[in-house]
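I open my notebook with the chain on the screen. I want its overall form first, then a few residues one by one.

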Amino acid sequence: MVKKVTVNTLKKIKENREKFSVLTAYDYSTAKYLDEAGIDVILIGDSLAMVALGYETTHSVGIEEMQIFTKAVAKGAKRAMVVTDMPFMSYTIDISTALKNIGNMVKLGANGVKIEGCNDYILELVKRCTQMGVPVMSHLGFTPQSQNVIGGHLIQGKSLNTTLQILEQAKQLEKAGAFSIVLEMVPEESAKFITENLTIPTISCGAGLYCDAQVMVSDDLLGKFDEFKPKFARKYGDMKSLILDCAKRFNEDVKKGSYPNENEIYKLSDEDAQELEKYIKEQKNVSTHN
Ligand code: KIV
């Protein structure tokens, strides 16, 4: 029986000044392999809107879609903590709808949820989730669901003032019960200062080396998604080339008749083959006599 990563594991990692890893996954087999590779937290990010569903922004993904991917990933992750992103509008209408949507994610196998932003409503929601038994990963800095209000993909915390504002929000979220905070597109120095002033771990998404953890979208890491690449994404593989190569070779093999071969087919027994042949011959005779 594998020991599951929990909020306590992550807290201890920060206390020991060690680091943990977070990657996104959207399907069962990817989650299984990330888990096998030792990734500590698997996030069903709403980035799946773009990389798995082809939408332009995260706004378009719905709660029902997130539920399907959450269920699949949760089945594949045995050791890693599974955190699912609450999509746009699934948690901001009212607290009781939010808690229902969040509770359903746990029923589907999530061990926690991620919620963007910080205001009085979000602080109340984080508190209520924690009371309900659902760990909350917060998300500050650039928050993609608010990109229209922010005015684009803009770096956050670029001055002392805005860094202090993020820290203040982070402290309030920590007090409300959040177990960790993603800092997205925050300058390294600001993120370091914020990290050093919190007891809960920070997770860098383009926030430099000094956070307690690093997160990346697995499609960027694997070189699968090629429509845009954030500055902070590092490509460890070239899955796009692998997929293209395999699909092209399959296409050629099908068209020249070299797929399938003898080892890739099912055969009738000699007796059943003879019976089929005899039947075909008889059918031919019947049709030529008619
Ligand atoms: O949606 C996502 O994948 C995310 C992470 C990159 C933090 O929010």
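**Entry 1: Leucine 23**

I start with leucine 23. I skip its neighbours within four places in sequence and list what it contacts: Leu34, Ile39, Val41, Ile42, Leu43, Met216 and Leu221. I note that this is a predicted model. Where does leucine 23 sit? I find it in strand β1, residues 20–24. Is leucine 23 buried or exposed? Its relative accessibility is 8%, and buried means under 20%, so leucine 23 counts as buried. I also check the distance to valine 73. Leucine 23 and valine 73 are 50 residues apart in sequence, and their C-alpha atoms are 12 Å apart in space.

**Entry 2: The whole chain**

I step back and look at the whole chain. I count 12 helices and eight strands. The radius of gyration is 25 Å, well over the 19 Å that the globule rule gives for 290 residues, so the chain is more spread out than a compact globule. Along its principal axes the C-alpha trace covers about 95 × 40 × 35 Å.

How much of the chain is buried? Buried residues make up 42% of the 290 residues. The chain exposes about 16,800 Å², and carbon and sulfur atoms supply 53% of that area.

Next I look at contacts between residues at least 6 apart in sequence. Of these, 59% join residues at least 24 apart.

I turn to charge. I find 35 positive and 38 negative side chains. The centres of the two sets lie 4 Å apart.

**Entry 3: The cores**

I remind myself of a general point. In soluble globular proteins, nonpolar side chains tend to be buried together. Now I look for such groups here. The largest nonpolar core has 59 residues. Which of them touch the most other members? They are Ile42, Ile115, Leu125, Leu173 and Leu183.

I leave out residues up to four places away in sequence. Leucine 173 then touches Gly117, Cys118, Ile122, Leu123, Val126, Ser138, Leu140, Ala178 and Ile181.

Ser138 is on that list, and I follow it up. Serine 138 is in strand β5, residues 136–141. Its relative accessibility is 1%, so serine 138 counts as buried. Again I leave aside neighbours within four places in sequence. Serine 138 is in contact with Lys114, Ile115, Val126, Leu173, Ala178, Ser180, Ile181 and Val182.

Most residues other than glycine have a negative phi, and most peptide bonds are trans.

Which peptide bond is cis? I find the one from tyrosine 259 to proline 260, with omega near 0°. Proline 260 is in the loop between α11 (239–256) and α12.

I check methionine 89 next. Its phi is near 70°, a positive value in a residue other than glycine. Methionine 89 is in the loop between β3 (81–85) and α5 (95–107). Its relative accessible area is 49%, so methionine 89 is partly exposed.

Methionine 185 also goes in the notebook. It has a positive phi of about 50°, although it is not a glycine. Methionine 185 is in the loop between β6 (180–184) and α9 (188–196). Is methionine 185 buried or exposed? With a relative accessible area of 15%, methionine 185 is buried.

**Entry 4: Pairs across the chain**

I finish with some pairs. Serine 29 is in helix α2, residues 28–36. At 32% relative accessibility, serine 29 counts as partly exposed. Serine 29 and glycine 76 are 47 residues apart in sequence and 6.4 Å apart in space, C-alpha to C-alpha.

Lysine 107 is in helix α5. At 71% relative accessibility, lysine 107 counts as exposed. Lysine 107 and threonine 195 are 88 residues apart along the chain, with 32 Å between their C-alpha atoms.

My last stop is asparagine 285, in helix α12, residues 270–289. It counts as partly exposed, at 45% relative accessibility. Asparagine 285 and aspartate 120 are 165 residues apart along the chain, and 85 Å separates their C-alpha atoms.

Technical notes: Residues numbered from 1 in each chain as written. Predicted model: local features only at pLDDT ≥ 70, side-chain atom pairs only at ≥ 80, totals over all residues. Heavy atoms only, no water. Helix = DSSP H or I, 4+ residues; strand = E, 2+ residues; numbered from the N terminus. Rg over C-alpha atoms; globule rule 2.2 N^0.38 Å. Buried < 20%, exposed > 50% of the residue type's maximum accessible area, 1.4 Å probe, protein only. Contact = heavy atoms within 4.5 Å. Areas by Shrake-Rupley, 256 points an atom, 1.4 Å probe, with all protein chains shown as cover. Lys, Arg positive; Asp, Glu negative; His and termini not counted. Charge placed at Lys NZ, Arg CZ, Asp CG, Glu CD. Core = buried A, V, L, I, M, F, W, Y, C linked by side-chain atoms within 4.5 Å.
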